[in-house]
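Thanks for coming. I'll go through some ring contacts and then the DNA side.

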Protein chains: 2
Amino acid sequence: MPRPRSLNPIQIASAALAVIDQGGLSALTMRGVAKELNATAMCLYRYVADRDELEALVVEQALADVDTTAPVDGDWRERVAVLVRRMRVVIGCHPAVVPLLPVHRHRSPTVLRWTESLLAVLAEAGLDGTRRAVALRALLAYTVGAIQLEHLGPLSGGGTTAMAALSPAEFPHLAATAADARRVDPDAEFDGGLEILLRGLAT
Amino acid sequence: MPRPRSLNPIQIASAALAVIDQGGLSALTMRGVAKELNATAMCLYRYVADRDELEALVVEQALADVDTTAPVDGDWRERVAVLVRRMRVVIGCHPAVVPLLPVHRHRSPTVLRWTESLLAVLAEAGLDGTRRAVALRALLAYTVGAIQLEHLGPLSGGGTTAMAALSPAEFPHLAATAADARRVDPDAEFDGGLEILLRGLAT
DNA sequence: GTCGTAGGTGTACAACGTACTCCTACAGGG
DNA sequence: CCCTGTAGGAGTACGTTGTACACCTACGAC
């Protein structure tokens, strides 16, 4: 009986993701997303309760193309690494959503499926109960933290450069390490940290 | 010759921290902080360039009582753990600043001194060059990530509870692990993850 | 006392999220 | 075919935010 809807949540999520990809996090406004859809700001409230829910939609849309199926090749450590890297790669395509991840992570079906796959691998590795819960949180913490450091930490490079320029008298190790760090590419850095974690899990 | 200042950066930082501790991150506004100081919003701009700089001040103030001196007791792994735990405890006293940490971390002198101490311990452990840089980033990523998960993840507990209530048919491992996770206290969880990382660093 | 400088205040504006009100396009019944 | 009830979309408006600008004023040096 009623008038049919002219938008759907996927269109809204896509538009919002486009806005944020193009203009950064500060461009994500109700009015901005509405304009992208040739609609008005208030119209969006027929589909989302508030801005918070719009953010959750963006996060889910950004994560949607993470492959959450269980990897089959390699031992369990390699399979964990594959899952974690898949997540990182996809997030890397939408760096502006990084600040939204910690807040909306637990509402995303993709994150749930991904976590389920991760836990399955950990179970195969012989981890169960509390030890598995701790292992999961450690992997989650590292993943979230590393991705944030990568994208927010130095506003991509500036922070590390600034640290490398610190007085070697006051901060000898920091200045030296920052100089070293500039020569490590982000992939190697991420994988290196992940490997440390996986070595720790294996023993 | 000029009129003397009636405020100083420490007063502003303290007032801002008080505001955010009491009213949460959303209470941190120029007007709100000004009211706390019995001043006007515009007055603050004689001391900080913009809101961003005020946030940096809050972060530094919140972290100010982290003891960044090098621990002396225990082997290097224990000393790393002591430094990391000191940071976590202090941040735990100001949970509302957690979302500001990733953005302003690299501007904080306290973080610089803390990092310097951490690197010194890693150097004693025989790590140098690229390997030390990677180890540091891994520890940083875990620390930042774990603290965020702890304070933002589930709005403290609700998310884990929601996950425990998921359909065991669709998410068997997740539902079980979430149920287990509810019985792990936060300190043990954090220390457990940290220990995994340190074990990985030791080999 | 006088003066110049710099600190504090007041006003104002654009942009934000969103509550409320109205108009109107459409699916079903006659 | 028209008519009608319902729900979608638009418009307006309000309170709050950060902050630019102009003004006033309190104070140290002479």
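Over all chains of this predicted model, the count of aromatic pairs comes to two. In chain A, the rings of A:Tyr142 and A:Phe190 have centres 5.4 Å apart and planes at 35°, so this pair is tilted. The angle falls between the limits of 30 degrees for stacked and 60 for edge-to-face. The partners come from distant parts of the chain, 48 residues apart: A:Tyr142 is in helix α8 (residues 129–151) of chain A, and A:Phe190 is in helix α11 (residues 186–202) of chain A. Both A:Tyr142 and A:Phe190 are buried.

Now chain B. B:Tyr142 and B:Phe190 form a tilted pair, with 5.5 Å from centre to centre and 35° between the planes. Here B:Tyr142 belongs to helix α7 (residues 129–151) of chain B and B:Phe190 to helix α10 (residues 186–202) of chain B, 48 residues apart. B:Tyr142 and B:Phe190 are both buried.

Next, charges over rings. A:Arg5 has its charged end over the ring of A:Tyr47, 4.4 Å from the ring centre. In chain B, the charged end of B:Arg5 sits over the ring of B:Tyr47, 4.4 Å from its centre. B:Arg5 also has a polar side-chain atom 3.3 Å from a phosphate oxygen of DNA strand C.

The residues of the surface near DNA strand C comprise 13 nonpolar, three polar and eight charged.

Note on methods
Residues are numbered from 1 along each chain as its sequence is written. Chains are lettered from A and ligands numbered from 1 in the order in which they are written. This is a predicted model: local features need pLDDT of at least 70, side-chain atom pairs count only at pLDDT 80 or more; totals for chains, interfaces and linings use all residues. Side-chain values use heavy atoms; hydrogens and water are left out. Rings of Phe, Tyr and Trp (its six-membered ring) pair if their centres lie within 6.5 Å; planes under 30 degrees apart count as stacked, over 60 as edge-to-face and the rest as tilted. Helices (H or I, at least four residues) and strands (E, at least two) are DSSP runs, numbered from the N terminus. Buried means under 20% relative accessible area, exposed over 50%, partly exposed in between (1.4 Å probe, protein chains only). A charge sits over a ring if NZ of Lys or CZ of Arg is within 6 Å of the ring centre and within 35 degrees of the ring normal. A polar contact is a pair of N or O atoms within 3.5 Å; within protein, one must be able to donate a hydrogen and the other to accept it, and residues adjacent in sequence count only if both atoms are side-chain atoms. Ala, Val, Leu, Ile, Met, Phe, Trp, Tyr, Cys and Pro count as nonpolar, Asp, Glu, Lys and Arg as charged, and the others, Gly among them, as polar.
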